[in-house]
Amino acid sequence: MYDSLTNRRNFIKKMAMLSAITAAASMFPGIVFASEQEKGIPDNANLDWKKGPCRFCGVGCGILVGTENGKAVAVKGDPNSSVNKGLLCVKGYHQIMCIQSKDRLKTALVKKNGKYVETPLSEALDLVASKMKESIAQNGKDSVAMYTSGQSTIPEGYIASKFMKGAIGTNNLDCNARLCMASAVTGFLTSFGADEPMGCYEDIDHADYFVTWGNNMAEMHPVLFSRMLEQKAKRGAKIIDFATRTTRSSTASDKSILFEPQTDLALANAICYEIIQNGWVNKSFVEKHCSFSKGLTNIGYGLEDNFQFTDKPEKIDFEAYKEFLKDYSPEKVSKYSKVSVKDIKYLAAIYGDPNKKVVSYWCMGMNQHTRGTWINNLVYNIHLLTGKISQPGNGPFSLTGQPSACGTAREVGTFTHKLPHGVVTNEKDREMAAKIWKVPVERIPSKPTYHATEMFRAVDRGDINFIWVQATNPLVSLPKTSRYRPAMEKKSCFVVVSDVFPTPTTDVADVILPASWHIEKGGLYGNSERRTQYWQKMVESPGEATPDTWMFIEVARRMGFEDLFPYSKENHVEEIYNEYRQFHEGAKHGMAPLEVLKKESGAIWPYVNGKSTQWRYNAKYDPACSNGEDFHFYGKPDGKAVIWQRPFEDAPEKPDQEYPFWLNTGRVVEHWHTGSMTRRIPVLHQAMPNAYVEFHPDDAKSLGIRNGKNIKITSRRGSCTLPASINERGLPTKGQVFVPFFDENMLINDVTLDSFCPISKEPDYKKCAVKVERA
Ligand SMILES: Nc1nc2c(c(=O)[nH]1)N[C@H]1C(S)=C(S)[C@@H](COP(=O)(O)OP(=O)(O)OC[C@H]3O[C@@H](n4cnc5c(=O)[nH]c(N)nc54)[C@H](O)[C@@H]3O)O[C@H]1N2
Ligand SMILES: Nc1nc2c(c(=O)[nH]1)N[C@H]1C(S)=C(S)[C@@H](COP(=O)(O)OP(=O)(O)OC[C@H]3O[C@@H](n4cnc5c(=O)[nH]c(N)nc54)[C@H](O)[C@@H]3O)O[C@H]1N2
Ligand code: SF4
Ligand SMILES: [Mo]
């Protein structure tokens, strides 16, 4: 018998005691340091170094992994990678240590009479295939679902899409990037008609100002932040941290401006108001390259099952837009955003100064937002009105979180509405997919089905009877797990989970499949700056652990789709990438060939005539521009980017008498999401052994709360008990508490709300109302 829960807890406890390295000192300020591990590598060490992207964040640093006698023994930064120029952060340096973890999943486990039984992998895959077939036969194609990840490789995402949409014929495929990047995608599509940022990391070397809109780059994108700090030291570039909480990023910035949650919508409009009032609009840019639109308002929060919403955009003119902005004077907005009129004017003046180059960065503060699409649009408005876009050092830059949120989730398109090129609702896109996949076009359904939250609601309702979860840990990471855990435990749904370690999600699985980790399989990832990176398999997997792509292929073959999956076990990564590349031929999205990716530390798409395109839509750099002008927003039929009229609307749940605090959630530098990997790396686990709840010192004082005391946090959905943290890592504003979500023993997502942006369907983990009491 295998008791994953006790094993896991014991293991994590033991590790905290055993760990010898004291990491705390090297943690400050959470950026880059020469790791103990790297210092320990003798210069003459006879290691075989292989290159690849880091396993963790969307920065996509290049790493070199040193192997000896078939074992990975060291990691260092790739000096040839333009992303990180040889640097790594603390997670980067120590990543390979998790694969040595004693409780690594090495065999398939099948639940029999309530107990997990070690089972030969081929037998477990037989069972998965037969359960999938059984569900389809009994309840139809839309009774089976797959939930994957922005950490899946490009081949994994591609095969998942081909399997579900092309072979079976259901759009029941979505991924955890819905919890993360969906608002960025709908923001790009509505403003520009094409996904992903126009600029690249080289912008950092040219910008005079960096404005971060509610993200914490010192901890979440540390290597990029260190590049910003370098420019600050070298050229006096300035960092302005605009957020709802004081973090390490704020303290390392030149100026920190705090605002009330949700009021970023009003503040972005106030900045545009000021830009117009002061005559800072770049008139010729706006006339030539922009149009104006408005959409529906009071659009709801997606709290009911089967919630549907379609926007109805309407063209407007500049005068109407200007009239709309009258409600957003700095004086009016200052009252509810709690940002001073002076600070609003200060920000507007930076964006408005034609001689200053400005890059805006954001991540989850703007995407995990019930008006996530809108706030993305509103920040684009600022850059469009001033023409500060698509030029070195000038541009809005939406950062991705996961290592292949762009490459896999967005480009391959592991979302219910997506295909590798385009969307399921478009007949031409379906025809193209059908042709490359060699399936009848009627097989690919033209209607999207379930986005992430709705997929788990469908499991709860009994509408999904089979779900396969891969490279994600939803029972820690979904909002309102207090509903979705019981849903996954129901007998009406057969649950398959592929992971590297036991987790709270494998705990509810009927079949657990042992996956190969990052360097044990080859693959490709795509980072925040549209850079595709390839790596080869570097070490063997333990036991029967197998690459995810291969497990999908094995199951698809067992279901009778052998002809559609003719790949070889040895070269499937390369064969699949070559097939996938056909979807993206052409100047707007061409992908680099494998030979280039094998040699170089990645290439940025559009890869045209043997060259990466660093700045899209700017005719100087982008060969796809074809209107004869200096800029061409070719994602839109009229070649113009859209300036959107979007109002401020409140959050669905706000502090009140019964639940008087805002709850904000997020991350810390040491841990990766649900902690399944980083809590198995001794140096990281020891540096940050458990979650906590941060208070503003004034709130702590008035409630009589002291550091380390246990506090129970309760919302209308559930509760969670954690030790209080005052004046330690971060500092929430008064009336707000903050909790990181990495700790599976303190499940804050039992408390969060599953409301989402009606356009992107991305949940808002940053805001709900809670009460706090001493436990
Ligand atoms: N160490 C580490 N790095 C990571 C990850 C990790 O798990 N660990 N995960 C990666 C992933 S997948 C992601 S998505 C990124 C996340 O990267 P970030 O977005 O930087 O991090 P979070 O901690 O999720 O979000 C914190 C921020 O949300 C802001 N916020 C709260 N409410 C609001 C609001 O109403 N409006 C605005 N504009 N901001 C608000 C707060 O100011 C706070 O600073 O990190 C990536 N990098
Ligand atoms: N409260 C709160 N919740 C949040 C957020 C928040 O800000 N606040 N942020 C949301 C965001 S932005 C994100 S991106 C999600 C992330 O949430 P998840 O994706 O659920 O979190 P991870 O810990 O990254 O889960 C990845 C899992 O894949 C496993 N794994 C690693 N490598 C492989 C592999 O090669 N194959 C397989 N099969 N498995 C592998 C790991 O062990 C781990 O269990 O969380 C979301 N949830
Ligand atoms: S910044 Fe991100 S990609 Fe770079 S080493 Fe750290 S976790 Fe890896
Ligand atoms: Mo994310």
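Colleague: Where does the second largest pocket lie, in terms of domains?

Modeller: Roll a probe the size of a water molecule over the atoms, and you see where empty space is left. Here, domain 2 (108-180 + 416-566) and domain 3 (182-399 + 636-645) both contribute lining residues, so the second largest pocket sits between them. Those domain bounds come from an automatic or database assignment. A pocket is an open set of points on a 1 Å grid over the protein atoms alone, where a 1.4 Å probe fits, with protein on both sides within 12 Å along at least five of seven lines; lining residues have an atom within 4 Å of a point. Keep in mind that this is a predicted model: local features need pLDDT of at least 70 and side-chain atom pairs 80 or more, while totals for chains, interfaces and linings use all residues. Residues are numbered from 1 along each chain as written, chains are lettered from A and ligands numbered from 1 in written order, and side-chain values use heavy atoms, without hydrogens or water.

Colleague: Which residues lie nearest the centre of the second largest pocket?

Modeller: Gly193, Ala194, Asp195, His421 and His589, out of 25 lining residues. The volume is about 650 Å³, meaning the space filled by probe spheres set on the points, which are joined across faces, edges and corners. Both α7 and α18 (405-413) supply at least two lining residues; helices are DSSP runs of H or I, at least four residues, and strands are runs of E, at least two, numbered from the N terminus.

Colleague: And what about the largest pocket, how many residues line it?

Modeller: It has 39, with Thr186, Phe309, His417, Ile759 and Lys761 nearest the centre. Its space comes to about 1000 Å³. Helix α7 turns up here too, giving five residues, the largest share of the lining. Strands β12 (290-294) and β24 (641-645) each supply at least two as well.

Colleague: Now ligand 2: which domains does it lie between?

Modeller: Domain 2 and domain 4 (661-774) both give residues to its shell, so ligand 2 lies between them. The 36 residues around it include Gln151, Asn176, Ser477, Asp499 and Thr674, which come nearest; being near takes a heavy atom within 4 Å.

Colleague: What does Asp548 do with its side chain there?

Modeller: One of its N or O atoms is 2.7 Å from a nitrogen atom of ligand 2. A polar side-chain atom of Asn176 lies 2.7 Å from a ligand 2 oxygen, and for Asn473 a backbone N or O atom is 2.7 Å from an oxygen of ligand 2. The protein covers 99% of the 930 Å² of accessible area that ligand 2 has on its own, by the Shrake-Rupley method with a 1.4 Å probe.

Notes:
A polar contact is a pair of N or O atoms within 3.5 Å; within protein, one must be able to donate a hydrogen and the other to accept it, and residues adjacent in sequence count only if both atoms are side-chain atoms.
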